[in-house]
Amino acid sequence: MLEKGATAPDFELNATPDQKIKLKDFKGKNVILAFYPADWSPVCSDQMALYNEMLKYFSKYDAQIFGVSVDSVWCHVAFEENRKLHFPLLADFEPKGAVSKAYGVYDEEVGESKRALFVIDKEGKIAWSYLSPIAVNPGADGILEVLEELSKK
Amino acid sequence: MSTLKPEINSQDHIQGDDSASITIVEFGDYQCPFCGDAYPIMKEIEETFGHQIKFVFRHFPLANAHEYAFPAAIAAEAAALQGKFWEMHDALYENQYRLNGELFYELAETIGLDLEQFQKDSASEEIKTIIEDNFDSGIRSGVNGTPSFYVNGTKFDGGATDLYQMLKESTE
């Protein structure tokens, strides 16, 4: 897993069937990458549902959040609609898990991303990374602490 | 280990004995079915462990996922201004199965609130701020879903049933 100080590997992933997100386009902004195993976990304990409530916190710290899983674009679209998510979910779908692998958070055995968080600073360096036990939603306190620190720089 | 931030203070809704040795804080959402399931268990915990327990509720509405979660929290806070937070809290969970936009007024009437005042308070910015502050406290305390429990300031890794079990074992 990539650690603090490493350069965040660039990627280009689909957020919708016809929209690609390139990491390098977000230079000058903080970026949060939330890798997670799969869409459709129960809503009250769902990590994406939690982040969805926090978008104004993230924008306050000039940060953009992306969820990343190996689910397909169409699956993400349905999940976003169902849960009224207001931030992009990226499909690490083809070649499967390539970005998760580049960040060192791919679980080869089950073929899903691990549950991992990265905060990338405005220069594209990893400021913080965290690997959560697969069944545990890591919450957002860790992310906020790092964003707060970055905002003091 | 995640801890409760900020600590319990005068803004909180507290039930139970001041001298209780165990303080339980729940971060909950009135529309969350898991919180609805936890409600009778929390009642049972309060009954079983009586004066040993102090219970605090903070709002953690997942407003995008649950359309009535935030309005329900407002209803509870508006009732609090008339000294009836817990009456509204209980009524909301007991009627969770039929939660809708009109329910709040009906419950306010049932628990005997001054309805005109209730409606006025429901629109106040101050109440909104209280709920947002509760949510903020949850985020900073590491709440990752609802319900989330804290026992004596430390995040409890489990649901209401696990909590009951843990208390039973630790007070035996």
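What covers the buried residues of α4(B)? The cover includes α2 (69-80), α3 (85-94) and α5 (115-122) of chain B. The model is a predicted one, in which local features need pLDDT of at least 70, side-chain atom pairs count only at pLDDT 80 or more, and totals for chains, interfaces and linings use all residues. Residues are numbered from 1 along each chain as its sequence is written, while chains are lettered from A and ligands numbered from 1 in the order in which they are written.

Helix α4 of chain B runs over residues 103-110, and F104(B), L107(B) and A108(B) are buried there (20 or more other C-beta atoms within 10 Å of a residue's own make it buried, 12 or fewer make it exposed, and anything in between is partly exposed, with C-beta atoms placed from the backbone). Viewed down the axis of α4(B), the buried residues fall within an arc of 105 degrees, so they line one face of the helix; the arc is that of the directions from the helix axis to the C-beta atoms. An α-helix has 3.6 residues a turn, so residues three or four places apart point the same way. On the face of α4(B) turned away from its buried side sit the exposed residues E109(B) and T110(B). After α4(B) comes G112(B), with a positive phi near 80 degrees.

Stepping back, chain B has seven helices and five strands (DSSP runs numbered from the N terminus: H or I of at least four residues for helices, E of at least two for strands). In sequence order the pattern reads β-β-α-β-α-α-α-α-α-β-β-α. The radius of gyration of chain B is 15 Å, close to the 16 Å that the globule rule gives for 172 residues, so the chain is as compact as a globular protein of that length. That radius is taken over C-alpha atoms, and the rule is 2.2 Å times the number of residues to the power 0.38. Buried residues account for 41% of the 172 residues in chain B.

Back among the helices, the axes of α2(B) and α6 (residues 125-140) of chain B come within 10 Å and cross at roughly 115 degrees; axes are lines fitted to C-alpha atoms, for helices over the stretch in contact, with angles from 0 to 180 degrees between N-to-C directions. α2(B) and α6(B) are therefore roughly perpendicular to each other (65 to 115 degrees; under 35 is roughly parallel, over 145 roughly antiparallel, and the rest oblique). F70(B), A73(B), I74(B), E77(B) and A78(B) of α2(B) meet I127(B), I130(B) and I131(B) of α6(B), where contact puts C-beta atoms, placed from the backbone, within 7 Å.

Where the two chains touch, 16 residues come from chain A and 15 residues from chain B. On the chain A side, the elements giving two or more residues are α1 (47-52) and α5 (141-152), with α1(A) giving the most, three residues.

The peptide bond from E94(A) to P95(A) is cis, with omega near -10 degrees, and P95(A) lies in the loop between β5 (89-91) and α4 (98-102) of chain A. Another cis bond runs from K5(B) to P6(B), with omega near -15 degrees. N152(B), in the loop between β4 (148-151) and β5 (154-156) of chain B, has a positive phi near 45 degrees without being a glycine. N152(B) is partly exposed, with 13 other C-beta atoms within 10 Å.
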